[in-house]
Amino acid sequence: MTQGLLPCWIFSTGYLVRDFDANSVAFYKIWQQVAERYRDYPDTLMFELINEPNKITTDMLNELQMKTVEIIRETNPTRVIALAASFR
């Protein structure tokens, strides 16, 4: 970040389909850690929750994103969060 570069994590949806309930818990924990780590970073940092969610249903995607936004908002109340649209 000191060089103007932003870290980027790409989350694949393939692993979520195999066991959505268990793997979504891991997804939430990862985002909780990311949000905590970057809570004091400038507004130029934004979060994109998931990239190309083509392997999960629209209902799964909506649940995943809404819960994740709630988690992020606990430490980043004004952070820009990009949400994905379903390909289905």
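The expected span of a helix is 1.5 Å times one less than its number of residues. In this predicted model, helix 2 has 18 residues and reaches 25 Å from its first C-alpha to its last, close to the 26 Å expected on that basis. The protein has 3 helices and 2 strands, arranged along the sequence in the pattern α-α-β-α-β. Of its 88 residues, 34% count as buried.

**Helix 2 and its buried face**

- The buried residues of helix 2 are Phe20, Ser24, Phe27, Tyr28, Trp31, Val34 and Ala35.
- Seen down the axis of helix 2, these buried residues fall within an arc of 125°, so they line one face of the helix.
- An α-helix has 3.6 residues a turn, so residues three or four places apart point the same way.
- The cover over the buried residues of helix 2 includes helix 1 (14-18), strand 1 (47-48) and helix 3.
- Ile30 also belongs to helix 2, but Ile30 counts as partly exposed because its relative accessibility is 34%, and buried means under 20%.

**The largest nonpolar core**

- The largest nonpolar core holds 20 residues, of which Trp31, Phe47, Ile50, Leu64 and Ile72 touch the most other members.
- Helix 2 (20-37) and helix 3 are the elements that give two or more residues to this core.
- The greatest contribution to this core comes from helix 2, with 6 residues.
- In soluble globular proteins, nonpolar side chains tend to be buried together.

**Thr68 in helix 3**

- Thr68 lies in helix 3, which spans residues 58-75.
- With a relative accessible area of 0%, Thr68 is buried.
- Leaving aside neighbours within four places in sequence, Thr68 is in contact with Phe27, Tyr28, Trp31 and Leu49.
- Among these partners, Phe27, Tyr28 and Trp31 are also among the buried residues of helix 2.
- Ile30 and Thr68 are 38 residues apart in sequence, and their C-alpha atoms are 9.8 Å apart in space.
- Across the protein, residues 24 or more positions apart account for 70% of the contacts with a separation of 6 or more.

**Aromatic pairs**

- The structure holds 3 aromatic pairs.
- One of them joins Phe27 and Tyr28, whose ring centres are 6.4 Å apart and whose planes stand at 75°, so the pair is edge-to-face.
- Both Phe27 and Tyr28 are buried.
- Tyr38 and Tyr41 form an edge-to-face pair because their planes stand at 65°, with ring centres 4.8 Å apart.
- Within this second pair, Tyr38 counts as buried at 10% relative accessibility, whereas Tyr41 is partly exposed, with a relative accessible area of 24%.

**Charges over rings**

- Arg37 lies over the face of Tyr38, at 5.0 Å from the ring centre.
- Arg79 places its charged end over the ring of Phe47, 5.6 Å from the centre of that ring.
- Phe47 is also one of the residues that touch the most other members of the largest nonpolar core.

Definitions and conventions. Residues numbered from 1 in each chain as written. Predicted model: local features only at pLDDT ≥ 70, side-chain atom pairs only at ≥ 80, totals over all residues. Heavy atoms only, no water. Helix = DSSP H or I, 4+ residues; strand = E, 2+ residues; numbered from the N terminus. Buried < 20%, exposed > 50% of the residue type's maximum accessible area, 1.4 Å probe, protein only. Contact = heavy atoms within 4.5 Å. Core = buried A, V, L, I, M, F, W, Y, C linked by side-chain atoms within 4.5 Å. Phe/Tyr/Trp six-rings, centres within 6.5 Å; stacked < 30°, edge-to-face > 60°. Lys NZ or Arg CZ within 6 Å of the ring centre and 35° of its normal. Arc of directions from axis to C-beta.
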